[in-house]
Amino acid sequence: MTSPDPFSAFLATWLPGHSVGELAFVFFAAMVAGLARGFSGFGGALIFVPLASAVTSPAIASALLLVIDGVMTLGMVPEGWRKANRREVFTMLAGAVVGVPAGTAVLSLLPSITLRWIISIVVLGLLIFLISGWRYHGRPKTWLTVGVGALAGLFGGAAQMSGPPIVAYWLGGAIERNVVRANLVLYFALGTIISATSYIVTGILTLEVLLIALVAGPGYGIGLTFGSRMFGIASETTFRRICFMLIGAAAIIGLPLLDGLRS
């Protein structure tokens with residue numbers, strides 16, 4: 001009788017119920033998501049969460065992205081802190097403090113199949129929103145900033161998809177683009193702390209997630225690296241269209257309707 005290879009033995013001991021094929025799919029999904037995130041600054045969650053949910057669960061997929069994105073983007077935080085409009089960021093976070101726990105409750109209480117349907121439908125809706133190019137063009141208002149933060153927190157807590165509402169609000173307004181970028185970096189960094197706290201309290205962020213992150217993290221890092229390098233080479237318009245196609249494909253592939261075909 002032959003002994004199992006070390007990786008199979010590791011899976012049997014620490015990640016029972018997760019196959020090599022499943023982890024390879026999560027690695028690939030993380031790499032594609034990182035590629036989109038590194039090049040265009042958006043789309044990571046919209047690609048990764050529906051794909052990873054299809055082979056794990058929405059709770060594991062959301063917690064995984066929280067961990068790998070939070071770790072991989074740590075180096076951007078000091079510059080974000082220096083250049084951001086911190087008052088505006090903390091006003092947005094005031095809304096997220098309410099929205100994230102609400103989204104986390106949705107993630108922890110709803111059945112996995114129901115959540116996967118919701119995630120795919122929401123992703124397709126956000127994709128249409130992104131393609132439309134709509135932006136808020138007024139000056140930031142405190143009540144509106146808090147409201148956007150609450151909506152973003154709801155999406156973030158439920159599926160780590162807080163980006164589109166915030167980008168639409170800040171990117172078209174009367175704020176310099178370098179300040180917008182810094183605001184986004186700082187918001188996502190501090191929002192990660194809020195989400196992590198909420199996920200720990202509800203039992204979503206577990207040792208199992210951290211172990212899978214050891215597999216998915218390198219894939220995400222590879223994607224981020226190549227995406228960042230392609231930013232100065234490829235046409236931004238072309239790559240954004242590719243990102244939109246990938247987001248749409250991820251939403252469709254992640255539909256529970258296709259589970260039989262995947263198996």
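The answer below takes the pairs in turn and then turns to a surface patch.

A: Start with a caution: this is a predicted model. A search of the whole structure turns up two salt bridges.

Take R37 and D69. Their side chains meet in a salt bridge, at 3.2 Å from N to O. This pair links distant parts of the chain. R37 lies in helix 2 (residues 20–40). D69 lies in helix 4 (residues 58–72). Now check their surroundings. R37 is buried, and D69 is buried too.

Next come E79 and K83. Here the side chains form a salt bridge at 2.8 Å, again N to O. Both residues belong to helix 5 (residues 77–83). They are four residues apart, so about one helical turn separates them.

Finally, look at a part of the surface built from nonpolar residues. V106, L110, I118, L151 and L154 make a nonpolar surface patch of about 340 Å². Pick out I118 from that group. I118 is placed in helix 7 (residues 112–132). Its relative accessibility is 35%, so I118 counts as partly exposed.

Conventions: Residues are numbered from 1 along each chain as its sequence is written. This is a predicted model: local features need pLDDT of at least 70, side-chain atom pairs count only at pLDDT 80 or more; totals for chains, interfaces and linings use all residues. Side-chain values use heavy atoms; hydrogens and water are left out. Patches are made of residues with over 30% relative accessible area and no salt bridge: like charges are joined within 9 Å, nonpolar side chains (Val, Leu, Ile, Met, Phe, Trp, Tyr) within 5 Å. Accessible areas come from the Shrake-Rupley method with a 1.4 Å probe; for residues, only the protein chains shown count as cover. A salt bridge is a side-chain nitrogen of Lys or Arg within 4 Å of a carboxyl oxygen of Asp or Glu. Helices (H or I, at least four residues) and strands (E, at least two) are DSSP runs, numbered from the N terminus. Buried means under 20% relative accessible area, exposed over 50%, partly exposed in between (1.4 Å probe, protein chains only).
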